[in-house]
Each structure stands twice: as C-alpha cells, then as structure tokens.
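Please look at the sequence and the structure before reading on.

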Amino acid sequence: DALEATVPAEEAPEEEAHADDETRAIGVTVPRITEGPVALLDVPDQPITVDDRFVVYPARPLPELNSPSARAYEAADREQPGIQIMALVPIPGMPLRKKEIDETINVPIPGALMLHETGVVDWPQFGRQAPVLFFERPMGGRVITALKSDIQDFKKVDILRAVVDSVLKALRLLSGRGIVHHAIRPDNLFFLDEAQTQIVLGEFVSVPPSFDQPVVFETIERAMATEAGRGIGNMSDDLYSFGATLAFLVQEHNPVRGMAKEDLILAKIIHSSYQTLVGRHVLTARFLELMRGLLHDDPNQRWSYDSIDQWLMGRRVPATQSALSLRSQRPFRFGGVDHIQPRSLAYVMSLRRESAVRLIRDGSLETWILRGLEDKELASSVRGRIEFSDAVKDSADPDEMLLTRVLLALDRLAPVRYKTLSF
C-alpha cells in the first residue's frame, strides 16, 4: 500500500520554477545584463584604451557574441592589428573567476577561446567602472545556428564529430591545469573561422562557476543548488555538461521543452538523466554510447577520459560497480509525486518546507523509512535529528534547522538546503 502525506493545496513550491531554463540554452543567448537593475546610459562614439594597447568600441556592440551576463563589443589590438578580437563587458559587481583568468590569460588552449587581456575601464553605458575581457573573436557564428539550419544531415553529423573532437581536446587541456569550465552548453560553442572549420568552447570566466548554466546541463546535485551556490566542482561535472549538450545537438527536437525546473530535476532523479534528455529521434546513433556514459548520474559510473579513449578506439567500455540506490516497494506520496526513493522525496520536501516539517514531526517519514525502505539506520538517524531539535527548541528557527538536517540524511550528495538557500 502507498503511504501518503497530504500537502495543503495552497502550498506551492517555495523555490520558483523557471520553464525557460532549458529553452534559453538552445537558442542565441539573451544576456541577463539587459534584464537587471543596471541603468543604461547613452553611449558616446569614443573608443576606450586599456594599457595603451587594447581598444574597445562601446558604440559597436556584437550582440550575436554576447554571453548571458556579459555584452560583446568590437575591439582591436594595436600591437597585432591583424588578429580578430572582441571585448566582453560583464555586469558590474559580478565576481569574475580570477584564478582561472590568471591561469589562462595569453595561453593558447586548442578548442577554447583565447583570453588576451583584462582591465577595468570607465564604462559609459553604466556610468561607472566595469571590467573588460579581451578574447579572440569567433568569426563563424554559433554552432547551434548551423545545426538548426536547413543544411543536409550528413553535414550536421560532420559538425557533431568536430564538436566532440574539439571539446574533448579543450577539456583535457583545461583539466590538466586544474580548471573546470562550467559553461558547457549548446549556445556556448562557436566556429572560430568564417569557413566554419574550427570549433571552440566559449568563455567561462565572466561569472562564478555554472552561474549562467540552465539546470538541464548541470548534474542533479548542482542543479538543485542556486546559481551562485554551485561551487567549483570537478572534471566529471564538465563531462556531464558536455553529455547533456551533445544530447541537445544530436536531436532535432528538444525532449524537455516546456518542463519547469522542479519537473526536470525530478525526471532526472526518477528516470535518469540519459532517459530524460535523449529521445528517440537523433541525427545519428554514433554518439549514443558516449552520451550514456557521460550522463551517468552516479559520478563513480560516469565516464572518465580513459573511458572516452576506449570508446574513441572502438573498444567496449566496461561498466563499473555502483552502489545500489535505496528504493521502496511502497511509494510515499508527497507533493503530488509517488516517491520510491529518498532522493526524490528530499528534493520535493525542500520546496515545500512547511508541509515537510509536519511529516517529519508527525512520524510519517520515519514510518515510511522503516516499512517502505526497511532502513533502520536511516530511521534512527531521522529520529535522532528530531530529538536534537526538541532539545534545542528555544534556538532560532528549530524547524528549519531540523528540516535541513533531515534532508541531508535523506540525500547526502545534495546541497545544503536552508530556507531559500541551497549550496
């Protein structure tokens, strides 16, 4: 029999779900800088020089090269006038990835846009100082634009092969420097040359790690966190993001179009990322095994570069052992979902905190853990957290602290979730 916790009809998820999180990622990006509170002033047609060498032209925007949180402008290098560069101006006050900037500035990394210089300028559009980043300028447009055009399918498959080669080369080199990209998504891939023969990953230093990433391209754990709380992460996160990006590129239709954030994360938890993101209609089956390996939700099972090398050589990649996830034969209904695993329940509880506290305190959760999951150790852990909360009931926000601690017990890989914070 199913166990059920009743959620009041008036209680909506406390975390707003954005239906456009994933759709934003497959078209040309609309920069957030146009949506925020920053006042935009008239732009004088005067170039700005940095270090007596690099010149940026505020009156010559390049909207087709914008990042989500940075605008692109025409620029020039006085010492090397023959090279094509552009300037990116991030949102004033946005933390930049200084460590990664220091590690990559003036360092050629095949498969990635080269960063030539950085500076701080008085930016007329904001009426205040702003950072400016000088990158080589991709001259062939975005890869997603070519793949969504009416060129023949075999040409699209050739582009996909080039994407795989270029991205994997760039990620290996970045990983060798201890750098995680955290901005791998379909609209951040460019053709470096006008002939569209060279493909590069776009910039990743204008915002904190994964800040501009739609949840569809993040692992389940990172997708649960707020944009600013996703942390540095590791190489495996980049490989997952590339798997999700590849899934979008090989399909003519977006398999998760219109899904709200909560529904998308739940689908990944319940059905797996691979089943959620990879539909039946793909341009080629060549990359299915690669996507399946990169989209493993268990980081211990997710493919490494060694696994990718074996796949590239046509060898079978052996599966690694994964810890069995805890599942119940008796579903627990909460938030309109029948839960058979603690991870999905914990996620929905984190969005309906008031009702979640009630089901913890009235014993419903503990009963399901004992009868459904048959996990006495987890039930004892939840009981211990309740008793601790009762002992410190005069402290600030005892129910919120209780819920945070119980959510961690149910899903140890998830971010810490306290009130509206998730990090």
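## Helices α10 and α12

Which residues in α10 meet which residues in α12? From α10 they are Pro 342, Leu 345 and Met 349, and from α12 they are Leu 365, Trp 368 and Leu 373. Sorted by class, the residues of this contact are six nonpolar, no polar and no charged. The model shown here is a predicted one.

Two packed helices are described by the angle between their axes and by the distance between the axes. Helix α10 covers residues 342–351 and helix α12 covers residues 364–373; they pack at an angle of about 165°, and their axes are 13 Å apart. Angles over 145 degrees count as roughly antiparallel, so α10 is roughly antiparallel to α12. The crossing of these two helices, α10 and α12, is right-handed.

## Helices α10 and α14

Helix α10 also packs against helix α14, which is made of residues 398–410. Here the angle is about 155° and the axes are 9 Å apart. That angle makes α10 roughly antiparallel to α14. The crossing of α10 and α14 is left-handed, whereas that of α10 and α12 is right-handed.

On the α10 side, the residues in contact are Pro 342, Arg 343, Ala 346, Met 349 and Ser 350. They meet Leu 403, Leu 407 and Leu 410 in α14. By class, this contact of α10 with α14 has six nonpolar residues, one polar and one charged.

## Thr 404 in α14

Helix α14 also contains Thr 404. Is Thr 404 buried or exposed? The relative accessible area of Thr 404 is 7%. Buried means under 20%, so Thr 404 is buried.

Leaving aside residues up to four places away in sequence, Thr 404 touches Arg 353, Val 416, Arg 417 and Tyr 418.

## The nonpolar cores

In soluble globular proteins, nonpolar side chains tend to be buried together. The largest nonpolar core in this model has 101 residues. Those with the most contacts inside this core are Val 163, Phe 242, Leu 290, Met 349, Leu 365 and Ile 369. Helix α3, residues 153–176, gives the most to the core, with nine residues. A second, separate core has 15 residues, including Tyr 73, Ile 85, Val 89 and Phe 126.

What does Leu 365 touch, not counting residues up to four places away in sequence? The list is Leu 345, Met 349, Leu 359, Ile 360, Val 382, Val 406 and Leu 410.

## Two serines with positive phi

Ser 210 is not a glycine, yet its phi is positive, near 65°. This serine, Ser 210, lies in the loop between β9 (199–201) and α4 (220–224). Ser 210 is buried, with a relative accessible area of 1%.

Ser 272 also has a positive phi, of about 95°, although it is not a glycine. Its place is in the loop between α6 (261–271) and α7 (273–277). Ser 272 is partly exposed, with a relative accessible area of 22%.

## The chain as a whole

The protein has 14 helices and 13 strands. Out of its 423 residues, 54% count as buried. Among the contacts in the protein with a separation of 6 or more, 66% are between residues 24 or more positions apart.

Conventions:
Residues are numbered from 1 along each chain as its sequence is written. This is a predicted model: local features need pLDDT of at least 70, side-chain atom pairs count only at pLDDT 80 or more; totals for chains, interfaces and linings use all residues. Side-chain values use heavy atoms; hydrogens and water are left out. A nonpolar core is a set of buried Ala, Val, Leu, Ile, Met, Phe, Trp, Tyr and Cys residues joined through side-chain atoms within 4.5 Å. Buried means under 20% relative accessible area, exposed over 50%, partly exposed in between (1.4 Å probe, protein chains only). Helices (H or I, at least four residues) and strands (E, at least two) are DSSP runs, numbered from the N terminus. Contact means heavy atoms within 4.5 Å. Axes are lines fitted to C-alpha atoms, for helices over the stretch in contact, and angles run from 0 to 180 degrees between N-to-C directions. Angles under 35 degrees count as roughly parallel, over 145 as roughly antiparallel, 65 to 115 as roughly perpendicular and the rest as oblique. A crossing is left-handed if the near helix is turned anticlockwise from the far one by less than a right angle, and right-handed if clockwise. Ala, Val, Leu, Ile, Met, Phe, Trp, Tyr, Cys and Pro count as nonpolar, Asp, Glu, Lys and Arg as charged, and the others, Gly among them, as polar.
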